[in-house]
Amino acid sequence: MRARVAVTALVLATSLMACAGSGSGTGGPSAPPALAYAMPPGGTATYVQSDTVEMVIDMGGQLANVTVQMDATLDMTFSGGGDALEVTTNFREFELSATNPLAGTQRADESQIDGPLVFTIDRTGEGTLVSAPELGEIAATGLSPASMAAGFFPRLPARAVTVGEMWTDTVSIDAVEEFGTTEGRTIYDFHAVGDTVVDGMTYLKVSFTSFDERLAQSQQMGTEIIQDVAGEGVGFYLWDAARNLIVQQSIEGRLEGAMEVSMAPAPLGIDMVVVQHLRLVEGN
């Protein structure tokens, strides 16, 4: 998962993990494809990301509903290779909308993101943050550069797999950012389902389940918030062996736990559903 929280209980929109999209590919390879990241043809890619969080907060028996919607168009440029593939990400478009009964609706767009997000990945997709954009306060409630760097691309085994094969991987995050801190890990169980056809093109489909646990702290307008949540998710991604990229990914998860707010006398219960979609855009 991916995460960030606001004083109004804006939520982990960057924690449930990563992203990608639908696109063209080449015909299915005759041998099992190597699941490993490498320089894509042309060295560029554009992804469209859509994350939705629906949260119910139990305030001592009174329930409050919070909805967070984040949409982004991300232009990526790749350089280097091997275990040091650098990804420079520019937010061509960004829209965040967070609605709750206490603070109404808060909005942010790409004007609150100054500069690119730069990170490196190795052949498995393990990410390391190089530099982060400057974020406005509202944008920072839904976007964590460190979490995005760590988990934007799903983990790959960096070897060929056969249909039916299963493997496990873990993504960890321990980040200190301007508006708060995030600690957590997500354990993934992957399953190579086999070839699937989308718009006449053949990709390898990999399904997965996940277990996510996360502790996030933030301070805004003099209020300290601590969220401690955990839960399970389910999803899949499609791998294009010709372009060395994920072309589509979808995830749905449920997290439950507690939130401590400095002005509240006792922890508040949280129950949230997180849905994420990502697709690769063609011709960009």
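Predicted model: local features only at pLDDT ≥ 70, side-chain atom pairs only at ≥ 80, totals over all residues.
Let me start with the side chains of arginine 214 and aspartate 212, which meet in a salt bridge at 3.1 Å, N to O, where a salt bridge is a side-chain nitrogen of Lys or Arg within 4 Å of a carboxyl oxygen of Asp or Glu. Arginine 214 and aspartate 212 are both buried, and buried here means under 20% relative accessible area, while exposed means over 50% and partly exposed lies in between, with a 1.4 Å probe and protein chains only. Salt bridges that share partners also join Asp240, Arg243 and Glu282 into one network.

Residues are numbered from 1 along each chain as its sequence is written, and side-chain values use heavy atoms, with hydrogens and water left out.

By the salt-bridge rule, the count comes to 8. One of them joins aspartate 75 to arginine 92, with the closest N and O atoms 2.8 Å apart. This pair links distant parts of the chain, since aspartate 75 sits in strand E3, residues 62-81, and arginine 92 in strand E4, residues 84-100, 17 residues apart. Aspartate 75 is partly exposed at 23% relative accessibility, and arginine 92 is partly exposed too, at 39%. Another salt bridge runs between glutamate 165 and arginine 159, whose closest N and O atoms are 2.6 Å apart, and arginine 159 counts as partly exposed at 35%.

Now to the strands. The chain has 2 helices and 16 strands; helices (H or I, at least four residues) and strands (E, at least two) are DSSP runs, numbered from the N terminus. Strand E11, residues 166-177, pairs with strand E12, residues 180-198, in the antiparallel sense over 12 bridges, and two strands pair if DSSP finds at least two bridges between them. These strands, E11 and E12, form a hairpin with 2 residues between them, and serine 172 stands opposite arginine 185 in E12.

In sequence, glycine 42 and arginine 243 are 201 residues apart, yet in space they are 9.4 Å apart, C-alpha to C-alpha.

Finally, for the chain as a whole, buried residues make up 51% of the 284 residues.
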